[in-house]
Amino acid sequence: MQIDFHYYATYCAAVIAGYSCRDSEKIAWCAQFVDRCTKTFLDRIGGPVSAATTQLQLEMMEADTSLLGLQEITRIWASFHFLPGDLYAQGPGKCSRRFLHKYRLICNTDSELLVDTVELARAKGPEAAGIAMHVLADTWAHRYFAGTPSLVINNTGYYFYEIMREGDREVEKAVKFNHNPVTKDRPDRAVYTNTMYQGTERSMMNLGHGRAGHLPDYSYARYRYMPSWGGYMEIMKDNPLDYMHAFCQMIYALKSLRDPDGRFETGHYDREAIRPWEETIRQIFEVRRLLDSEDWKKLGVEISGRALEDFDEEKYEKEYVEADQDSRDDTVLGRFIMAALAQKSMVTSRIFSSGSLLAGYPADYRFNGLKDIRDFFKNLIDKGSKK
Amino acid sequence: MTRFDRIVNCIFGILQIAFAIVLMVSPGRGLILVLAAISIGLTLTGVQTLIYYLDMARSMVGGKSVLYRGLIFLDLGILTRSLIDDPRIYLIAYIGLLTVITGMVGVFRTYDLIRRGAVHWRLTAAYGITHVIMGIAVLVFGFFLRLPVMAVFAYALMLIYSACIRIAAVFKENKMIYIQ
């Protein structure tokens, strides 16, 4: 998903869920900041680099795809953008253990890990809630792709069709992919940019939905294709419907986080809450354009009576940089970093518990003499135990 | 290209230049050394690809292409090994043909890149065309004009050129899509 959903739509969801405008803004800012918090940024502000929630193009280009490098990539992408749907899935027929471990990282909605993600954000403020909302929303857009570089999971072939409306009838067009990142996607012609085919399993070109381009990130997109993991099964993806589910589930999750006795459960979507704006939201999802920020912004004004300012990446940077070491964790960025570390540690731990080393060792393993994510020791466990 | 790929490409480039020098100094022995290296490289790639197929790609849609790729590499590796004991003229013909095929793959790859709207295709085109021309030169000198030393020199020049392209690619800027 893009800024239109992660920032503007999340703001609307938070207001509908009953948060104040101020808290809703923070939730929306943190949800969008998950797509901006890179190692480079953290290094610049003097934060712990292992709290990175995404990677820059340059960082991905330079990414080391050795075992340790892959673990770092998987920790970031599986924890925040491609939350695994079932870490104990059986796999399609007879397959090797190595294949199974990658298969189990395929992102899907309404998983146990999603429950853990939302529950982890409970009573931790709007920053943790924002991160959880980013993860939740992305499970709907990125389902069927895995947050690790893998040809056998993430590759897509020529069998890729977009379903679109022409006048009164629905037509199918074969999606034409090109690999030139300079060219813009053309929704009118079903021409999109994707990553180049690379026959090597660990190539960064095979990370997430790179082989399907940005198509999963567009709310209007309806497409069918054959994923490489499904044994020639066809997948029909209906983004307008999925995005509506994502929006309603965000409202339900945020309401449950506000309730001190609440407990998030999967399969609940607060459709009732959006009733007054349902048609407007549906129209936003259906329009064939690359970004819906303006429409969401207008809806935000209608719902909250207040205009949400444009996203500013550096909004809370000064507060964090100028705070002394002891009070940094009480700033917005400080709480965001702690929540990000907790989320990453939780997902890594769950993947490790399922018998896979694809995301590395969880932070708890320091007690067993194994060393892994040093920043985790300093920031998460040590500070946590001090408190 | 990752940092690791860049280092590996650089090392391969330097090794190629070293081979080319050996070929020029001692065309007879050098040729056998090159064939042995090609044979080992192709066999290892074939085995590695087959293991990848058995372990992972057999569960993937279109995974059979990985199996065929592995078998072809393995076959070529074994075939190359069997040619080491053959008369030099056949070695030259084989190397010439292999170079032409490599060049043709480069040319087709360029065509595909242009068709798909890629910006960076000139380096691939230069690589392909040079390989085709030098491969033909090797075949003409060695097989038709019966000038094996000239053929080996042509091949050595092509190796140096290929090494330079490989090293130049290390400094090429990468393009990638940012997944959000």
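**A close look at one helix and its surroundings**

Guide: A:Ala14 is buried, with a relative accessible area of 0%; buried means under 20% relative accessible area, exposed over 50%, and partly exposed in between, with a 1.4 Å probe and protein chains only. This residue is found in helix 1 of chain A, where helices (H or I, at least four residues) and strands (E, at least two) are DSSP runs numbered from the N terminus. The model is a predicted one, in which local features need pLDDT of at least 70 and side-chain atom pairs count only at pLDDT 80 or more, while totals for chains, interfaces and linings use all residues. Residues are numbered from 1 along each chain as its sequence is written, chains are lettered from A and ligands numbered from 1 in the order in which they are written, and side-chain values use heavy atoms, with hydrogens and water left out.

Leaving aside neighbours within four places in sequence, A:Ala14 is in contact with A:Tyr19, A:Ser24, A:Ile27 and A:Leu254, contact being heavy atoms within 4.5 Å. The C-alpha atoms of A:Ala14 and A:Ser24 are separated by 5.1 Å, although the two residues are 10 apart along the chain.

Helix 12 comprises residues 293-304, which makes 12 residues, and reaches 16 Å from its first C-alpha to its last. That is close to the 16 Å expected at 1.5 Å a residue, the expected span being 1.5 Å times one less than the number of residues. Within helix 12 of chain A, the residues A:Ser293, A:Trp296, A:Leu299, A:Gly300, A:Ile303 and A:Ser304 are buried. Seen down the axis of helix 12 of chain A, these buried residues fall within an arc of 125 degrees, so they line one face of the helix; the arc is that of the directions from the helix axis to the C-beta atoms. An α-helix has 3.6 residues a turn, so residues three or four places apart point the same way. The face of helix 12 of chain A turned away from the buried side carries the exposed residues A:Glu294, A:Lys298 and A:Glu302. Just after helix 12 of chain A, A:Gly305 takes a positive phi of about 75 degrees.

Most residues other than glycine have a negative phi, and most peptide bonds are trans. A:Asp110, not a glycine, has a positive phi of about 50 degrees and lies in the loop between helix 6 (97-103) and helix 7 (112-120) of chain A. With a relative accessible area of 24%, A:Asp110 is partly exposed. A:Ala190, with a positive phi of about 60 degrees, is likewise not a glycine. The loop that holds A:Ala190 runs between strand 3 (176-178) and strand 4 (191-193) of chain A, and at 0% relative accessibility A:Ala190 counts as buried.

Strand 5 (residues 222-227) of chain A runs antiparallel to strand 6 of chain A and is joined to it by 4 bridges; two strands pair if DSSP finds at least two bridges between them. A:Tyr223 stands opposite A:Lys237 in strand 6 of chain A.

Helix 14 (residues 332-353) of chain A contains A:Gln343, which counts as buried at 2% relative accessibility. Not counting residues up to four places away in sequence, A:Gln343 touches A:Ser79, A:Phe80, A:Leu83, A:Thr117, A:Leu120 and A:Val135. A:Thr348 is found in helix 14 of chain A too and counts as buried at 1% relative accessibility. Among the residues that A:Thr348 touches are A:Arg75, A:Ala359 and A:Tyr361.

A search of the whole structure finds 0 disulfides over all chains, a disulfide being a pair of cysteine sulfur atoms within 2.5 Å. For A:Cys30, the nearest cysteine sulfur is that of A:Cys37, 10 Å away; A:Cys30 is buried, with a relative accessible area of 0%.
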